[in-house]
Amino acid sequence: MLGIGDRSFRPAPISRLLGHVTDITFPPGFLWGAAGSGHQTEGDNDNSDTWFAEQVTPTVFAEPSGPACDSYRRWREDLDLVAGLGLDAYRFSVEWARVEPEEGVFSDEALDHYEAIVDECRARGLVPVVTYNHFTAPHWFAKRGAWLDPEAPALFARYCDRVTARFGDRIGFAVTLNEPDLPRVLSWLGLPDVVRDLERATLAAASEAAGVPAYRLGNVVLPEELAAMEDGLAAAHAAGKAAIKARRPDLPVGFSLALMDDVVVGDDASVRDRKRAEVYQRWLELAREDDFLGVQNYERVPYDGSGQVRPPEGAVLNQMGTEIEPGSLAGAVRYAHAVAGVPIFVTEHGLASNDDTLRAAFIEPALTGLGEAIADGVPVLGYTHWTLLDNFEWIFGYAFHYGLHEVDRATFERRRKPSADVYAGFVAAQRAGLTVREPA
Ligand code: FCB
C-alpha cells in the first residue's frame, strides 16, 4: 500500500493505480462526489464582499475572480462531468449575494437558478450537498461588519429560510457555514507579516471605498477580531440551522471545518494539544448537537514540544508548502469523530499541485485510509473531492490547482485530468464490490 501512516509518500505510476482496488469496502449508501463553491466557479459574483475586496487597492487577492469557470452559465456541463465520473453527490454553494442582492430583497431569478441545479442534480442521480455560506456574503452584509454585526445570525437565518423554502425538500445535506475555523487555523500556520499587513490594508481600503467604518469578510479576519467573529459565526450556525430545520426537520444539517491532521513528533504533545484546544475544540463541541460534521482536510502538520516541525529535506510538497501525506485524511476524520461524536461527511479533501501525477497517486491511499477508519467504527457518510474544476483559490487566485479537470482560462473548456480517472476507477471498483488485492 502506498504511503499510509508513517511511510512517506512516493508517487506511483498511474498504470499501477488503474484497474486494481484494495480490500477496503465502503458501506452501502456511502456517497461519492465532487465539491466546488459558487464564488470560486460561477464568475461575475459582483454583488459579493469578496468581489469588492478583490477590486480595492491594495488587495491581498493575487488577482480578481472575474469570470471564474463561467459556471453560472455552464453548470449543466459541470453536473455532466460529475455524473460522467460515475459519482452520486455534488457539493456546491448557494451565493447569498445573488439570492439577497439588497438587504431584505430576494431574487427569484437566483432562487430559480439554484433550484434548477438541485433538480438537475437529482435528474442525474446526484445527491445535492448544499453549502449555504461558502465564505462569501453580500456586499451589504460586509458593510454592516459581517459576522461582527449583532444582527448577523438573524440575517443569515432569514436567508437560510428562503433558500430552504424554495428547494430544501430536494437536497440531501445542508452545510450552513464553510470552515468557520479557517481564520484561526491560518493564525496558527503563521502567515507572514507581509500577508497579515496586506489583509489589514485590504479591509481598510474596502471600508474606505464602501464608506463604512468596518467592511468585513468571512475569510480575511483581523487577529483582534477573531474571537468576536467566531462568536458571530457560531450563533449564525445555530440560527441558520434552526431556520432550515423549521422548514425541513428531517434534513441532515451541519457545518464544515478545516481540519489538519496535527500529529506529534517525539513525546511532547503540548503544542499540538494547545492547537487543538484553541482552534477546533469549540467547533467540535458545537457539532455534537448537529446531524453530521463536514471534515475538510488537505494536510498533516507535525509538531514537537516547541512548535511546528518543517517537512524534511526532499519531501514532496503541495503548493501550500506542506508535505503530501495521504494518511492525513483518516487522521483528521478519526480525531473529529472522537471529539464531536457525530457522523462525518468528508466535504473537502484534495491536493494543490500542478503535477496531476501526484494527485493521481494520492487519491487511492487516502481513500484506503478513510476506509480503514470506517472499518474501525468511524461513521462516515460520504466523500466529495475538492474539487471538480481548477478554480479561483481565494487570495492565491488561479495559480493553485486542485481540480479533477483543468479549465482553459480563455475558452472555459474543461479537460479531464488522469487523476479523475483514478478517482472514478476507485469508485467504480467499490460499487462493483471488487476486493482485488494489489499484485505483489
Ligand atoms: C478550503 C476552502 C475551499 C478551497 C480549499 C482549497 O479552505 O473551503 O474553498 O479553497 O480550501
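In which sense do β4 and strand β5 (residues 253-258) pair, and over how many bridges? β4 and β5 pair in the parallel sense over three bridges; strands here are DSSP runs of E of at least two residues, numbered from the N terminus, and two strands pair if DSSP finds at least two bridges between them.

## Basis of the model

This is a predicted model, in which local features need pLDDT of at least 70, side-chain atom pairs count only at pLDDT 80 or more, and totals for chains, interfaces and linings use all residues. Residues are numbered from 1 along each chain as its sequence is written, and side-chain values use heavy atoms, with hydrogens and water left out.

Six of the six residues of β4 (residues 173-178) are buried, so the strand is largely enclosed by the rest of the structure. Buried means under 20% relative accessible area (1.4 Å probe, protein chains only).

Strand β3 (residues 127-133) pairs with β4 in the parallel sense over four bridges. Asn133 stands opposite Leu177 in β4, and Asn178 stands opposite Ser256 in β5.

## Ligand surroundings

Polar contacts are pairs of N or O atoms within 3.5 Å. An oxygen atom of the ligand lies 2.7 Å from a side-chain N or O atom of Gln40. Taken alone, the ligand exposes 290 Å², of which the protein buries 92% (Shrake-Rupley method, 1.4 Å probe).

Technical notes: Buried < 20%, exposed > 50% of the residue type's maximum accessible area, 1.4 Å probe, protein only. Polar contact = N/O pair within 3.5 Å; in protein donor to acceptor, adjacent residues only side chain to side chain.
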